[in-house]
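Please find below a colleague's note, arranged as numbered points.

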Amino acid sequence: DDFAGEGVWRYAAALPFEEGVSLPEGHTPLHEVPRLKEDVGVNRLRVKHEGMNPTGSFKDRGMTVGVRVAAELGVDRLACASTGNTSAALAAYGARAGMETLVLLPAGKVAAGKVAQASLHDARILEVDGNFDTCLDIVQDLANRGEVYLLNSLNPFRLEGQKTIGFEILEEFRDDYGRFPDRIVLPVGNAGNTSALFKAFRELVAAGAMQPEEVPALTGVQAAGAAPMVEAVENGADEVRRWEEVETRATAIRIGNPVNAPKALPGIRETGGTAVAVDDEAITEAQRDLAREGVGVEPASAASVAGLRKLREQGVVDADEDVVCLTTGHLLKDPDAAYEAGGDPEPVGGSTEAVREHIGAE
Ligand code: F0G
């Protein structure tokens, strides 16, 4: 309760409670990235860095609400399937609330920082022989049998908290420029954020705080090896076909069955947005681009910038647009990917002479 009214809870009027289980979360930076803006070629570009939340991803915004609900209900055990970040956030917020936490992770496909967090925050970690979608199937079964309380983004209270990403972006952008952004570009896995942002926009329009024509175009980005939403948008389909085989270095969005698609597809369509797939090389390049501006993100996050670049090159995004890219997780989540993209340290002898020689000093 020290944090009542801060961050996510500043928007309590749009949330089911006045306060939550809080660390606290939200109030993340909306970075300027002037060189990247020039390079991509848009009128304005800001980066909303959700990696700056307490456990290093946007998931904290959902958990502060979701775990509060679980505490209210008096459930015995919290659980989620996860590509990593959800498990880290649930473990931390579960620990904060003094509750037992069970997480199911796809074996061998979760970045090191995320497993470390879940472990230290004392979740019970099950490494499942299967991909994320299988883990989610199992957790849903457990929840239906009353064994656990589900805290994946199928839980609507999670998405209530994640709406505040939209509120913060819109508020800060308007404070700085006197208008709302034309477009918000975000990585898509289960499409929870896409759904949450769309709900935030609808509520603002209903409240008269935003005109319908001011609603930003929701633009989803997936990795080419895990792009069922993009497939559905490109085909004009009303349903998303589940991909059984998925692969990408952006393991956070290595997802073949985006469970929030029924809520997210209308969001993309009705806001005049689109969806695009980017390959792993483009993701790595975008991760470097952001890092050169001082903004350290994990691969899935960089997908947003890679997607913007591709859509700009295709002329889908215009040069006169004001754009916000969402970066969803911190660089330290996936140290191995960071080394891969940035290069390894150089071994050198332990003397000034050795170092001088190594760097080619005169
Ligand atoms: N970016 C990151 C860093 C993520 O961890 C996730 C999802 C997404 C984007 C996709 O967001 O599902 O709202 O479309 N990670 C989940 C997890 C699946 O288990 O941590 P979405």
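**Notes on the strands, domains and ligand shell**

1. Val103 has Ile125 in β5 as its bridge partner. The two strands concerned, β4 (residues 100-106) and β5, run parallel and are joined by five bridges. Helices and strands here are DSSP runs numbered from the N terminus, a helix being H or I over at least four residues and a strand being E over at least two. Two strands are said to pair if DSSP finds at least two bridges between them.

2. Residues are numbered from 1 along each chain as its sequence is written. The model is predicted: local features need pLDDT of at least 70 and side-chain atom pairs count only at pLDDT 80 or more, while totals for chains, interfaces and linings use all residues.

3. The strands β4 and β5 belong to an open sheet of four strands, ordered β5-β4-β3-β6, with parallel pairing. At its edges stand β5 (124-128) and β6 (149-150); each has a single partner strand, so one side of each is left without a neighbour in the sheet. Strands of a sheet pair through backbone hydrogen bonds, either parallel or antiparallel.

4. Another open sheet has six strands in the order β1-β2-β10-β7-β8-β9, and its pairing is mixed. Its edge strands, β1 and β9 (274-278), each pair on one side only. From one strand to the next, the twist averages 25 degrees; angles run from 0 to 180 degrees between N-to-C directions, and axes are lines fitted to C-alpha atoms, for helices over the stretch in contact.

5. Ile184 stands opposite Val324 in β10. The helix α7 lies across β7 and β8 (217-223) and runs at about 175 degrees to β8.

6. The peptide bond from Leu23 to Pro24 is cis, with omega near -10 degrees. His27, a residue other than glycine, has a positive phi near 55 degrees. Most residues other than glycine have a negative phi, and most peptide bonds are trans.

7. How do the helices α10 and α11 cross? The axes of α10 (residues 280-292) and α11 come within 7 Å, at roughly 100 degrees. The two helices are therefore roughly perpendicular to each other; the classes are roughly parallel under 35 degrees, roughly antiparallel over 145, roughly perpendicular from 65 to 115, and oblique for the rest. Among the residues that meet are Ala282, Ile283 and Leu290 in α10, and Ala302, Val305 and Arg309 in α11. Contact requires that the C-beta atoms of two residues, placed from the backbone, lie within 7 Å. The residues of this helix contact divide into nine nonpolar, one polar and four charged. Ala, Val, Leu, Ile, Met, Phe, Trp, Tyr, Cys and Pro count as nonpolar, Asp, Glu, Lys and Arg as charged, and the others, Gly among them, as polar.

8. The protein is divided into domain 1 (7-56 + 156-342) and domain 2 (59-150), with bounds from an automatic or database domain assignment. Their centres, taken over C-alpha atoms, are separated by 22 Å. In the interface, 38 residues of domain 1 are in contact with 31 residues of domain 2. On the domain 1 side, α6 (156-177) and α12 (335-342) are the elements that give two or more residues, and α6 provides the largest share, eight residues. That side divides into 17 nonpolar, 13 polar and eight charged residues.

9. Which residues are closest to the ligand? They are Ser82, Gly189, Gly192, Thr328 and Gly329, from a shell of 21 residues; a residue is near a molecule or strand if its C-beta atom, placed from the backbone, lies within 6 Å of it. Both domain 1 and domain 2 contribute at least three residues to the shell. At least two come from each of α3 (85-97), α7 (192-206) and α11 (299-313). By class, the shell has six nonpolar residues, 14 polar and one charged.
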